[in-house]
Structures are given as structure tokens and as C-alpha cells.
Number of protein chains: 2
Amino acid sequence: MDKVRVAVNGYGTIGRRVADAVLRQDDMELVGVTKATPDFRCLEAEEKGIRVFSVSDKSAFDVKGFSVEGNLMELLDASDVVVDCTPKNSAYIELYRRFPSLFAIFQGGEKHSLTGFSFNSNCNYSRAFGMKYARVVSCNTTALCRVLSQIDGVYGVKKVRVAIARRSVDPGEGRKDGLLNAWEPALEYPSHHAVDVKTVMPKINIVSLAGIAPMTIMHGHMMFVELMSKPGSSDEVSEMLSVNPRIRVISGDDGFSTTAQIKDYAESLNDGNTYEVCVWKDGIGIDDDGELGMHVAIDQQADVIPENVDAIRAVLGIACAEDSMAKTNSSLGIGRKLNRLVSEKRIVA
Amino acid sequence: MDKVRVAVNGYGTIGRRVADAVLRQDDMELVGVTKATPDFRCLEAEEKGIRVFSVSDKSAFDVKGFSVEGNLMELLDASDVVVDCTPKNSAYIELYRRFPSLFAIFQGGEKHSLTGFSFNSNCNYSRAFGMKYARVVSCNTTALCRVLSQIDGVYGVKKVRVAIARRSVDPGEGRKDGLLNAWEPALEYPSHHAVDVKTVMPKINIVSLAGIAPMTIMHGHMMFVELMSKPGSSDEVSEMLSVNPRIRVISGDDGFSTTAQIKDYAESLNDGNTYEVCVWKDGIGIDDDGELGMHVAIDQQADVIPENVDAIRAVLGIACAEDSMAKTNSSLGIGRKLNRLVSEKRIVA
């Protein structure tokens with residue numbers, strides 16, 4: 001089979017990670033990426049041999065000596081699917097519609113109504129087949145869908161209350177309207193996160209509260225999960241979660257006392273990306289009512305990347321869920337390290 | 001009646017605020033405070049005319065030219081009650097026992113078992129009478145007791161899930177083992193906060209999760225409160241909360257978008273202290289199950305101060321709960337400003 005020709009529109013925080021991931025897929029070809037401004041990301045692309053297409057005045061790139069292959073229209077014309085990583089509400093969908101055979105994957109910053117279909121690999125991969133336009137839900141929603149679908153399959157979820165301590169800005173954003181030394185609550189109940197989970201898991205009873213903390217590297221979730229049946233133990237819960245390679249079970253006892261250690265580990269092993277949602281094994285508890293409490297950490301820049309790769313295969317129907325996820329996981333190094341550490345420990349103990 | 005003679009053992013973050021508050025009570029006399037190290041707080045005390053007693057070598061104070069009136073034993077001998085604001089586990093209780101008529105108030109860093117009685121003005125004031133030793137619960141527990149007793153009295157509380165985004169260090173602690181740019185979950189469920197609430201409200205069903213964020217000025221609570229009866233509206237809930245002068249109803253719409261604005265307001269009006277627990281009016285919501293969601297902010301240095309003042313009167317039995325709280329509130333400027341703003345708005349609307 002020919003490789004799927006992929007365009008990435010927008011080579012920023014998410015776009016450059018999607019591009020890197022596409023480069024690692026043996027069934028995909030990265031046709032190119034777009035840039036609106038001639039900045040350091042052009043150098044990144046050049047170093048990686050990625051072709052850059054311009055969505056603005058090409059001469060601005062020429063002046064700086066950055067090579068540009070053509071414009072967005074030319075890129076789309078040469079592609080089977082475009083992954084839209086432009087800022088939210090940038091409304092490129094109208095442009096994409098001009099290419100009748102082009103599929104498009106959008107990010108979670110867009111509204112569900114843009115595509116009418118919101119995607120998560122664990123929850124609704126097979127429903128994506130044939131959808132011209134799909135939306136990969138946001139990092140927080142992706143994390144919740146991943147963890148809750150796993151829990152629901154085993155114990156049944158009655159109601160979820162989740163409190164989210166969000167990062168203020170991304171690590172690469174030096175001066176974007178950040179928050180310093182204060183707590184900023186999102187003044188809504190439920191926050192949009194619970195509402196967004198329902199675009200993927202319509203039957204789940206979930207509410208959320210969220211606030212922003214002055215940090216950049218990850219989000220923290222505090223989850224209260226009311227269950228249909230009571231888990232045998234917190235160890236049982238962590239084993240159950242670790243079955244999903246995209247859920248990484250970590251431990252404060254192994255030195256992961258804050259999100260900083262998770263990030264540092266990822267810097268050492270995976271270009272700084274933690275594609276897995278991280279659950280602290282020693283933070284899992286079961287209360288007198290059989291309700292589950294747990295702490296989860298989410299790399300807001302990375303956890304949606306494997307879903308974007310899967311979404312490409314899902315809409316085109318070139319692989320089933322299991323095969324796509326296995327391929328994505330293997331190519332991105334997902335799920336191979338810490339979960340093994342956990343099982344080895346179990347065997348030894 | 002003679003004024004109650006109060007000693008404050010430990011003139012630090014809490015101690016200096018307790019001392020300031022005692023100075024404002026017309027039924028109390030501040031005999032003096034203790035210092036272990038000769039530092040800038042001695043100058044603060046001197047400026048305020050507060051007598052300093054030493055718990056360490058007096059000569060170290062003499063060298064720096066700080067005046068010391070005597071030692072801790074002399075201070076205790078001249079006092080009816082000591083408010084212990086020393087670091088937790090400093091075990092002064094043995095010393096206090098040597099003074100048979102001396103009452104002692106401890107802080108929430110101590111274990112409940114130290115005194116066997118944990119105090120909150122709204123919950124169990126009258127039970128304190130005659131207790132030689134009482135413990136004012138921590139800032140987070142005080143806030144939860146205050147808010148939940150108010151809600152429970154009106155709607156009945158079925159179960160509470162609270163997620164706490166804690167400040168890392170206090171504003172005055174420049175270099176104490178702080179947290180930078182990361183989220184640090186407390187790896188336990190429930191966290192000690194829920195357990196501690198039960199020392200004051202033994203019948204309440206409450207669980208909690210907590211984490212530390214890199215900020216100094218306040219804690220943020222995200223509360224999910226399951227109720228016996230459904231509130232009519234979120235406005236009704238905020239009106240109900242504002243009945244308690246120690247709960248300040250604020251609004252993002254008035255400019256309180258983060259804890260930084262709350263702190264700035266307090267700097268302008270009340271020496272930086274927010275004695276009231278702050279609830280965002282526009283953050284209150286009621287979900288489809290009739291469950292309440294809300295955001296609360298807590299000034300960890302200030303909310304326990306009125307409780308310490310009340311606890312003195314409560315153990316000595318010199319005022320009933322209502323009178324003591326009214327006197328404390330009036331002397332500390334509690335509850336007079338923003339709640340009025342809220343009611344005026346209501347009348348206009």
C-alpha cells in the first residue's frame with residue numbers, strides 16, 4: 001500500500017510534535033509543514049529535512065534565508081490528510097473543503113461542532129472510519145478519556161469528580177500572558193473539561209473544577225471516581241491501569257515526587273515528551289464507600305500526539321484500532337519502560 | 001472583669017498575627033511574646049510596644065541590642081493563657097503543665113491527640129469551655145469547617161470531595177524548601193485534610209486530595225459537595241454563605257480573577273490579612289444531580305487568627321460563641337466590606 005501523505009498545518013508546540021511522530025510511522029509520509037512566521041522553527045525543520053510551506057508572504061522567509069517549498073494550497077494538493085495544528089478558531093476548514101479527497105484532523109482547541117466528531121483512540125477509534133473531519137480532544141480530555149475508559153471497563157464508573165490544576169503556559173512560551181505566584185480558578189461548574197469528555201463518552205456522569213497554577217510543565221488531575229463495584233485493593237487498580245500502555249504507572253517511591261521528575265525523565269529518554277498519562281501508584285486510594293481517589297499528571301504537549309497519529313489511520317480506515325495503537329506506541333516508545341519496571345517489581349515481590 | 005492575660009509563645013508567621021489580634025481585644029492583655037532567635041521580628045515587637053521574652057540564650061539578644069524582658073517561664077507565670085505558635089512537635093505542653101492554672105491553645109500543625117480537642121468557632125465553641133488545652137485546626141481545616149458547617153445547616157451535607165491546590169511556602173519564607181514550576185501531589189487518599197475535618201465534625205463524610213503548586217500567597221480549594229436537598233440556585237447558595245461574616249463572597253466580575261487580587265485588596269485594607277474564607281460567587285454551580293461545585297481561596301496565615309482569639313474566650317468561658325465571634329469580627333474588620341457590596345448589588349438588582 002502507498003504511504004499516507006500527511007501535511008501538518010502549523011509547526012508550533014503541537015504541530016512539530018505531530019510532524020516528528022509522523023516521520024516515525026512506516027505507513028506515512030510527511031509531505032511538509034506550514035509556517036506563518038520566519039523564526040527558529042524553520043531551522044528545526046531544515047535540520048530534520050522537513051519541507052516548509054508558507055501561509056504568508058514568502059519573501060519574509062527569503063529575506064532570512066529560510067527555504068520555502070511553496071504555499072499551503074500546494075501542500076494540501078499533494079496530501080491525503082492534513083493535521084491542523086493552527087491556533088484555535090483559525091477556520092481553515094473552509095479551505096480544506098476545496099480539496100474533495102482531503103481528510104483533516106483538528107485539535108481540541110476547536111469546538112466539537114466544527115467536525116461533529118471528537119476522537120480518542122481508546123474510546124471510539126472505529127467510529128472515525130470515513131469521517132472527513134475529526135477532532136482529537138484536548139490534552140486534559142484525552143487523559144480523562146484514557147483513564148476513565150480503562151476504569152469503566154473493569155469497575156464501571158458511576159460518577160466522576162475531577163479537579164484540575166492546570167499549567168499556566170507551555171514551557172516554550174517565554175512571555176505569553178502567564179500567571180505568577182497566584183491561583184486562578186476557572187469560574188464555572190462544571191468546567192469545560194467535563195463537558196468535553198462527554199463529546200467522546202456521552203454516557204459518562206462527570207463533573208469538573210479547574211484552576212491555573214504558576215507552572216509550565218504538566219497539568220495535575222485530582223480524581224474522585226465513584227464506581228459500580230469496589231476494587232479489591234489500590235494495587236489491583238494500578239495493575240488494571242498499567243494494562244493500557246498509554247497509562248504510565250509511576251511511584252513517588254521511585255523518585256517521582258513532582259511533575260518535574262517526570263519531565264526530567266522524559267528529557268533523558270524521549271525528547272522531553274511524556275506521551276503516556278501518568279498515575280501515581282502510591283497516590284491511589286479507596287475510601288470507605290469504595291470510591292477511588294487518585295493523582296494523575298498530564299504532559300499537555302505530548303499526550304495527544306499518539307491520538308493524532310491514530311486518528312489519521314482511523315479516518316482513512318487503513319488499520320484497526322489495535323494495530324494502529326500498537327504501531328504508534330512502538331514507534332514513539334510508549335509504554336515500554338516504567339510499566340515493565342512495575343511488573344518486574346511485582347514479580348520480585 | 002479583669003482582662004485575660006495572654007502570652008504568645010513563638011513570634012513567627014502565626015504568632016505575630018495572634019499577638020496583633022490580641023492587642024485589638026478589649027477583654028485581653030498581651031503580656032508578651034517569645035523569640036528564640038534575635039532577628040527582625042524583635043524590631044517589629046519593639047515598634048509595637050510588645051514585650052519580648054527569650055526562649056534561648058538572652059545574651060545573643062543583648063549583643064544585637066534587642067531588649068528582652070525575661071524568659072518563657074516568667075512570661076507563663078504572668079499569664080492566664082498561652083497561645084502556642086511554635087513549630088509543630090515542639091512539645092511545650094510538658095512545660096505548660098507545670099503551671100496548673102495556665103490554659104494553652106495550640107495550632108493545627110499539632111496532632112489532635114496532643115489535646116484531644118480540636119476547635120472551630122462555628123462548629124464546637126461551646127464544647128471548649130473548661131478544656132485546659134485546645135487545638136485550633138489548620139488553615140485548610142478551619143476553612144473547610146467554616147464553609148461546610150454553613151452548608152450543612154441549610155442543605156445537609158451527604159458527602160464532600162475536596163481537592164486542594166496548596167501554596168508551597170508562606171510569603172515571608174524566602175528560601176525554605178520551596179517548589180518551582182512543578183505540581184507535587186500528596187500521595188495519599190484521603191489526604192490528611194479530610195481526616196482532620198473529622199476531628200471537629202466527626203459525623204461528616206468527607207474525602208480529600210491535595211497537591212502543592214509553586215505559589216505563596218493562598219491555598220485554592222475545589223469543592224464537590226453532595227447535598228441532602230438541592231439548592232434553588234447558585235445565587236441562593238452564595239447568599240446563604242455570606243450570612244457567615246467569616247465567609248467572604250467575592251466575584252471574578254469585580255476583578256478578583258486570581259488569589260493575587262485578594263491579597264492586594266487585603267494589603268490595602270487589612271495589613272495583608274484575609275481572615276475570611278473567600279468563595280467565588282461566579283464559580284458556584286449546581287450540577288444535574290443537585291450537587292454543588294465551588295472554588296474557595298484561603299489565606300493560610302490569617303484565617304485561623306480569629307479562631308485563636310475565640311478559642312481563648314471559649315476555654316475560659318468568658319463569652320458565649322455569638323458574643324466572642326462578634327467581638328473578634330468587629331475588632332479585626334471581618335465581614336464588613338465585601339459581603340455588604342454583595343448585598344447592595346442584590347438590592348439594586
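Guide: This is a predicted model. In chain A, buried residues make up 55% of the 349 residues.

Visitor: What makes a residue count as buried?

Guide: A residue is buried if 20 or more other C-beta atoms lie within 10 Å of its own.

Visitor: Why does the radius of gyration of chain A agree with that of a compact globule?

Guide: For 349 residues, a compact globule would have a radius of gyration near 20 Å. Chain A has 20 Å, so the two agree. Its C-alpha trace spans about 65 × 45 × 45 Å along the principal axes.

Visitor: Which domains does chain A have, and how far apart are their centres?

Guide: The domain assignment gives domain 1 (4-138 + 304-332) and domain 2 (139-302) of chain A. Their centres, taken over C-alpha atoms, are separated by 26 Å.

Visitor: How many residues of the two domains of chain A are in contact?

Guide: With contact set at C-beta atoms within 7 Å, 18 residues of domain 1 of chain A touch 20 residues of domain 2 of chain A. On the domain 1 side, helix 7 (121-124), helix 12 (305-316) and helix 13 (321-332) of chain A each supply at least two residues. That side has 7 nonpolar, 9 polar and 2 charged residues.

Visitor: In chain B, why are strand 4 and strand 7 said to stand at the edges?

Guide: The open sheet of chain B has 8 strands in the order 4-3-2-1-5-6-8-7, with parallel pairing. Strand 4 (70-71) and strand 7 (118-119) of chain B each have a single partner strand, so one side of each is left without a neighbour in the sheet.

Visitor: How do you know that strand 6 and strand 8 of chain B pair?

Guide: Pairing needs at least two bridges. Strand 6 (residues 103-106) and strand 8 (residues 133-136) of chain B have 3 bridges, in the parallel sense.

Conventions
Residues are numbered from 1 along each chain as its sequence is written. Chains are lettered from A and ligands numbered from 1 in the order in which they are written. This is a predicted model: local features need pLDDT of at least 70, side-chain atom pairs count only at pLDDT 80 or more; totals for chains, interfaces and linings use all residues. Helices (H or I, at least four residues) and strands (E, at least two) are DSSP runs, numbered from the N terminus. Domain bounds come from an automatic or database domain assignment. Ala, Val, Leu, Ile, Met, Phe, Trp, Tyr, Cys and Pro count as nonpolar, Asp, Glu, Lys and Arg as charged, and the others, Gly among them, as polar. The radius of gyration is taken over C-alpha atoms; the globule rule is 2.2 Å times the number of residues to the power 0.38. A residue is buried if 20 or more other C-beta atoms lie within 10 Å of its own, exposed if 12 or fewer, and partly exposed in between; C-beta atoms are placed from the backbone.
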